[in-house]
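Come and look along with me.

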Amino acid sequence: MDGIIEIEGMEFYAFHGCFEAEQIVGNKFIVYACIRYDCQKAAQSDQIADALSYQTAYEIIAREMMKNSHLLENVATRMIEAIYAAFPQTLHVKIKISKLNPPIGGKVAATSLTLEK
């Protein structure tokens, strides 16, 4: 049995970007995660130890957001790989990272990157 955990609207202030100012000043980011996993054991046992902990998934995502990178592709890849490493029951991960008010020379609410594995 497959289950899906979605963690929506995770907000972080981090220092990702190719411009020097982004690495110094930082920016606000919103992260969305969708994790598909085999939840049969948890569904039958009703034990948290058998489940994919969304709290642990959040902690993994937060830890990776705090490591400075030039590219969001690098950040999202680290998140995905760390989730697979932490949860062997993982079947598919989708991460979307949005940079709010990106410095691209015009008024833009956000730019986003989505990676899946």
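I counted 2 aromatic pairs, taking rings of Phe, Tyr and Trp (its six-membered ring) with centres within 6.5 Å, where planes under 30 degrees apart are stacked, over 60 edge-to-face and the rest tilted. Phe-12 and Tyr-58 are stacked, because their ring centres lie 5.9 Å apart with planes at 20°. Phe-12 belongs to strand β1 and Tyr-58 to helix α3, so this pair ties together parts 46 residues apart in sequence. I took helices (H or I, at least four residues) and strands (E, at least two) as DSSP runs, numbered from the N terminus.

A note on sources: this is a predicted model, so I kept local features at pLDDT of at least 70 and side-chain atom pairs at 80 or more, while totals for chains, interfaces and linings use all residues. Residues are numbered from 1 along each chain as its sequence is written, and side-chain values use heavy atoms, leaving out hydrogens and water.

Next, I checked burial (buried under 20% relative accessible area, exposed over 50%, partly exposed in between; 1.4 Å probe, protein chains only). Phe-12 is buried at 6%, whereas Tyr-58 is partly exposed at 36%.

Tyr-13 and Phe-15 make an edge-to-face pair, 5.9 Å between centres and 80° between planes. Tyr-13 is partly exposed at 44%, and so is Phe-15 at 27%.

Then I turned to the sheet: 4 strands, open, antiparallel, ordered β1-β2-β3-β4. I called strands paired if DSSP finds at least two bridges between them. The edge strands are β1 (2-14) and β4 (110-116). I found 7 bridges joining β3 (residues 90-100) to β4, and Ile-97 has Leu-113 in β4 as its bridge partner.
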